[in-house]
Amino acid sequence: MLGKAIIFSAPSGAGKTTIVKRLLKEIPSFAFSTSATTRPIRAGELDGRDYHFLTVKQFLAKKEAQELLEWEEVYEDTFYGTLKSEVEKIWSNNQQVIFDVDVKGGLKLKRIFQDRAVSIFVKVPTVELLHERLSKRNTEDQESLKMRIRKAVLEMEEEPRFDFTVENLDLEDAVAQAKEIVLHFIKN
């Protein structure tokens, strides 16, 4: 039996991961689809929990073997994708899959799952606030920070293509709004 899919997408730094983590704690029937990536592992991250960290060669082999539902080369040689096996495992456990993916990936997943999915765009009110949040992470050098901001501006243009938008100015409000959306979707 196929389950439902909850798709959270946003520009980097908008807070989608924080919202998804809160929902996973509060709603036991949700399970996280761990994406695959070729980007370097960051301090505090664990392979298999935060991402499936792969080499470019490994990632491309999975793509060729059609083991990915969707994939994207977000930056040169930095790939992200959704493993079919992750979704199948979650649905076989009678849980609903929740995704935390970039904007292009979110739109691709919505096209794949159609009415079995709800897509939610997480945004912040200004590019300046997004820049501030990304800077506070201390995970980017100045050049990659500029690259992420340029990409974020383009991603913000895709907001109307999502089913819902959650503005993350106040985290508690954003989590409450996201929870209301997904619980309503799951019940119907």
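A residue is called buried when its relative accessible area is under 20%, exposed when it is over 50%, and partly exposed in between (1.4 Å probe, protein chains only). This is a predicted model, in which local features need pLDDT of at least 70, side-chain atom pairs count only at pLDDT 80 or more, and totals for chains, interfaces and linings use all residues. Residues are numbered from 1 along each chain as its sequence is written, and side-chain values use heavy atoms, with hydrogens and water left out.

Colour by confidence. pLDDT is the predictor's confidence in each residue, from 0 to 100. The protein chain has a mean of 91, with 97% of its residues at 70 or more. Helices (H or I, at least four residues) and strands (E, at least two) are DSSP runs numbered from the N terminus. Select helix H5 (residues 127-137): its mean pLDDT of 73 is the lowest among the elements, while strand E4 (residues 52-53) has the highest, 98. Where pLDDT is low, the predicted coordinates should not be read in detail.

Next, select Gly15, in the loop between strand E1 (5-9) and helix H1 (16-26). Is Gly15 buried or exposed? Gly15 counts as buried because its relative accessibility is 16%. Contact means heavy atoms within 4.5 Å; leaving out residues up to four places away in sequence, Gly15 touches Val122 and Asn168. Pick Lys104 as well: its C-alpha atom is 17 Å from that of Gly15, and the two residues are 89 apart along the chain.

Now show the open sheet of four strands, ordered E4-E3-E6-E5 with mixed pairing. E4 and strand E5 (68-75) are the edge strands, each pairing on one side only. Two strands pair if DSSP finds at least two bridges between them. Strand E3 (residues 36-37) and E4 run parallel and are joined by two bridges; Thr37 stands opposite Phe53 in E4.

Finish at Arg39, in the loop between E3 and E4. Arg39 counts as buried because its relative accessibility is 7%. Beyond its neighbours within four places in sequence, Arg39 is in contact with residues including Glu45, Tyr51 and Thr78.
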